[in-house]
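Trainee: I am new to this structure. Can we go through it together?

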Amino acid sequence: MECQAVFWIPYVVTAFVAVHLVDVFMRNGFSGVLKALAKFIICLPGVDRLVRAFTKREVDGFMSNTFEKNTQKAADVVTIPQKGIAIDELRQELVALKAGDGTQVEDGRLFAYVYTTEGPRMELQKEAFSMFTNMTLSDANSEHAGIVNAYVEAFMHDNALNPMVFPSLRKFENEVVSMTANMLNGDSKVVGSITSGGTESILMAMKTHRDRARSLKPKITQPNVIAPASIHPAFEKAAHYFNMTMKHVPVNKQTLICDVAEYEKKIDSNTILLLASAPSYPQAILDPVEEISRVAERHNLPLHVDACFGGFMLPWVEKLGVKIPKWDFRLPGVTSISADLHKYGFATKGASAVCYRNSSIRKHQFFAFSGWSGGLFVSPTMAGTRPGGHLAGAWAALRAMGQDGFIDMARQLMDTANKMKDGINRIQGLQVLGKPLMSAFAFASNDKDVSIFGVADVMEKKGCYMKEVLLFFFLLPFRFIIAGLYNICNIVRYYISLKV
């Protein structure tokens, strides 16, 4: 009897399946039957794994073809030109590049990405954009501002969400990353992305290293990051967004530099990333990156250098002969660097670069999703739509400046900063803090009878706004007290939850 029962099982299952498919066909037609069969096949042992492997291969192929092309051979690395490209030549290139993208938008052959067309309204937008563009030193260098704005306006409605649609945008991003990486002494393996600003570059670096740690060290569920107390608040923002803990190392009140031995003591089994500034903002103090790089190597941890402020200034200051300690990709412990193009890269607001030592690190930055009706969605940065104008403007800015232009601008800015520092140090009751190495500095009172906030009030009346900077130094000692109270509250809350 048992053998007969087993013999009938396949027939019974087949009958049930047939009845179910007939019912599906009556209700949803032939397409419904196909969907039901597809769901059944996916449920079979091993099929889900095959589907995931196939999807991963498609995603990797798409990302490689779309975003990985700035991994170049050494001979193909693009560098900032030795001399700035003439404005007339850049205008000719603009016409050729724009023409090379074709007229698919105007011809109605693009299903997405762009929702505007040429006409009076677009011209009005360009006029408004030109009026309110925040261009550093635009009055002092109107030709540079003019050509950068021309590139921004020409590509302002092009969308870098999918670089394959607009070949020029892909060229701009790849070459800007290559020029930036070369300036930071990276080799041909260094890759990166252009973001909307320093905060997004920092967000992407933190997210990338968190996801890399998840892949390499899945047992870490409460990741933490080590940083000097002078690190930019954007890292706090990233830690808040990505569920990471920031562990701060105090900085010396005189030098504004942290003790590397204390820095290393903060590292524990949950540490996934080390941080340093080159230099800190707004004090312009370079963290001891060389020593922290050695710490990173000893503990096999990645090190991100925040050069959003100084990335496009320190390399040129060093070429002027100023002794700058190593802080970039020359240090083997440095795995990623962020540098703002819209600061001393003299591009329009909305452009920064985040660079990684190789593509195996950067791959953790990308987001890919295929489980929706729109097909494969891949996004390299935090943003989906990315305005092409700022990519174009950054590319034009670097080529218009050239290495000679950057060095000359660094010389002018450093001369001005040094004169200001000398003047402040000659004023009784005031002193420059630490040893700033570039075109910014912080100063305070060294006389109890001189109120630095009073100095700030006088400067504010003269059009210099210093209160924000001074407030930072005033609150710095209290930061650690607040952090300690916060940690105590968390511990108490934890024990209460255990009792409950």
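This is a predicted model: local features need pLDDT of at least 70, side-chain atom pairs count only at pLDDT 80 or more; totals for chains, interfaces and linings use all residues.

Trainee: How many residues of strand 2 (residues 224–228) are buried?

Mentor: Take the two sides in turn. Asn-224, Ile-226 and Pro-228 are buried on one side. Val-225 and Ala-227 are buried on the other. Strand 2 is mostly covered, and its count of buried residues is 5 of 5.

Trainee: Which residue of strand 4 stands opposite Ile-226?

Mentor: Strand 2 also runs parallel to strand 4, with 3 bridges between them. The strand 4 residue opposite Ile-226 is Leu-274.

Trainee: Why do the buried residues of helix 10 line one face?

Mentor: In helix 10 (residues 289–299), the buried residues are Val-289, Ile-292, Ser-293, Val-295 and Ala-296. Seen down the helix axis, they line one face because they fall within an arc of 160 degrees.

Trainee: Which elements do the buried residues of helix 10 pack against?

Mentor: One partner is a helix, and the others are strands. They are helix 9 (260–265), strand 4 (271–277), strand 5 (303–306) and strand 6 (334–340).

Trainee: Which residue follows helix 10?

Mentor: Look at phi there. It is positive, near 55 degrees. The residue is Asn-300.

Notes:
Residues are numbered from 1 along each chain as its sequence is written. Side-chain values use heavy atoms; hydrogens and water are left out. Buried means under 20% relative accessible area, exposed over 50%, partly exposed in between (1.4 Å probe, protein chains only). Helices (H or I, at least four residues) and strands (E, at least two) are DSSP runs, numbered from the N terminus. The arc is that of the directions from the helix axis to the C-beta atoms. Contact means heavy atoms within 4.5 Å. Two strands pair if DSSP finds at least two bridges between them.
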